[in-house]
Amino acid sequence: QPPQPKMSVTTLLVLFLIKLTKKSLFYTPCLVRGHFGEATLRTLRRVVKLQKKLVKSTADINFLTTCIMYNLHPKMARFKLHKSSASKTPLAQRFRINLLRSEIKFHQRRIRTLKEQIAELETSLLASVTWLFRIRIRAYIKKEIDNFTLSCQTVHRRKLTNLGLSISHERNSAAIFNDTDIKFSDKEIELLSMGLNHGVFPSSLDLKEIRSAFEDLFTQLAPHFETRNRLLKFKNCLINCYNDYVGNYFHSKRTNYHFSDEVHTVIKSIQDKMKLYNLVIVKADKGQTVVIMYKTVYVEKMHVILNDRSKFVEVEKEETLTYLSRFQSFIYRNFKSILSESEYKEIYPSASSIPVMYGLPKIHKTGSPLRPILSMVGCYNHAFAQWIGRQLSELRQSKHMCKDSFSLEFLRDAKLNNKYFVSYDVVSLFTNIPLEETINL
């Protein structure tokens, strides 16, 4: 083979400067510093740092809880005794568990403090930038935290493996519940076992369509800018967003983060079977299991739920706009004078969509009954319900309430004296709650 030509030092330096300049043009912290100064940049970095501490504490709680469940001894719970046999006594075991529990309580207190600090800093940060930069800053923070979360999970997974707990992440047919008589190939099962949250990377982009979407957005928002200077800044921001979007796609494609032609063939095969045999693919009520059902069976089970006249009533006409108008008047009368402008705009609905109901199959029960889920996203009172939930969140914190089964770890050492703990399952809990009595409590 002929010798490869070598680049000169000057050429390498120029290419490095071009790459560095391009990165600084689109790197969010650089943009924040250029537009809003060093103080805003320090606040942004402080928010990211605290968010990472929050993720680390949450991951540590999960790790320590797993150690308690499987009787594992991390380094912090190891100590030397006068005899090696003494470390296996019940007293030493209880001491280790108490150490882990005290560490969990420390992280829980730390999480509460971090959430307060983050909320205060985020409020001041987002108030000091424009709404376009708010979107960019949120995306930047999310990307940083997602990467840090992945690294924390990798570290803790390695620690658990070193402690003797084998965690397998291999995909298998157990992740799929086939409630039909239709057979699927091994490749189809492997693809379905990736889960419903696994997105299909597009094989190509319609750049003309994407460019026209950005141009349409600019055309709609241009009349709202008072000065030409602000309009040009907005235009440059859209250009940067477009370049980032397209650039990220081609970067991901170069790193082979896309399905091969063979996988696309498998996807097409699954779609053809769904059309031919009239199938639906849904998520299970518990976990991330993929459930395959006949569409007719799914519809029949939903009709059984909706035909229960004690919980659902058929209306003669659709009155979403009427309820929207009433709710707008209610919000204006009761909250306009007591809330800030930003909070009022958050809960005041400008439009409304009709709620959508769907069912999640309970595959752990005989006959796989459906759990009805009423999605209120986009409904006129959805934003208000979220706001109310945040206001009432502190009232829900009580020593008499349990978040999950991990909160009951202290019962392992409890002395029941010939008594038993019993748990009950209520059928259709939310639809059986008497609303009037609950409101009047």
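Trainee: Which residues form one aromatic cluster?
Mentor: Phe-327, Phe-330, Phe-335, Tyr-380, Phe-384 and Trp-387 do. Rings of Phe, Tyr and Trp (its six-membered ring) pair if their centres lie within 6.5 Å; planes under 30 degrees apart are stacked, over 60 edge-to-face, the rest tilted. This is a predicted model: local features need pLDDT of at least 70, side-chain atom pairs pLDDT 80 or more, while totals for chains, interfaces and linings use all residues. Residues are numbered from 1 along each chain as its sequence is written, and side-chain values use heavy atoms, without hydrogens and water.
Trainee: How many aromatic pairs does the structure hold?
Mentor: It holds 13. In one of them, the ring centres of Phe-327 and Phe-330 are 6.1 Å apart and the planes are at 35 degrees, so that pair is tilted.
Trainee: Where do Phe-327 and Phe-330 lie?
Mentor: Both are in helix α11 (residues 320-335), three residues apart, about one turn. Helices are DSSP runs (H or I, at least four residues), numbered from the N terminus.
Trainee: Is Phe-327 buried or exposed?
Mentor: Buried, at 12% relative accessible area. Buried means under 20%, exposed over 50%, partly exposed in between (1.4 Å probe, protein chains only). Phe-330 is partly exposed, at 33%.
Trainee: What about Phe-330 and Phe-335?
Mentor: Their centres are 6.0 Å apart and their planes at 70 degrees, so the pair is edge-to-face. Phe-335 is buried, at 12%.
Trainee: New topic. Where does Lys-75 lie?
Mentor: In the loop between α3 (38-69) and α4 (90-127). Lys-75 is exposed, with a relative accessible area of 73%.

Definitions and conventions: Helices (H or I, at least four residues) and strands (E, at least two) are DSSP runs, numbered from the N terminus.
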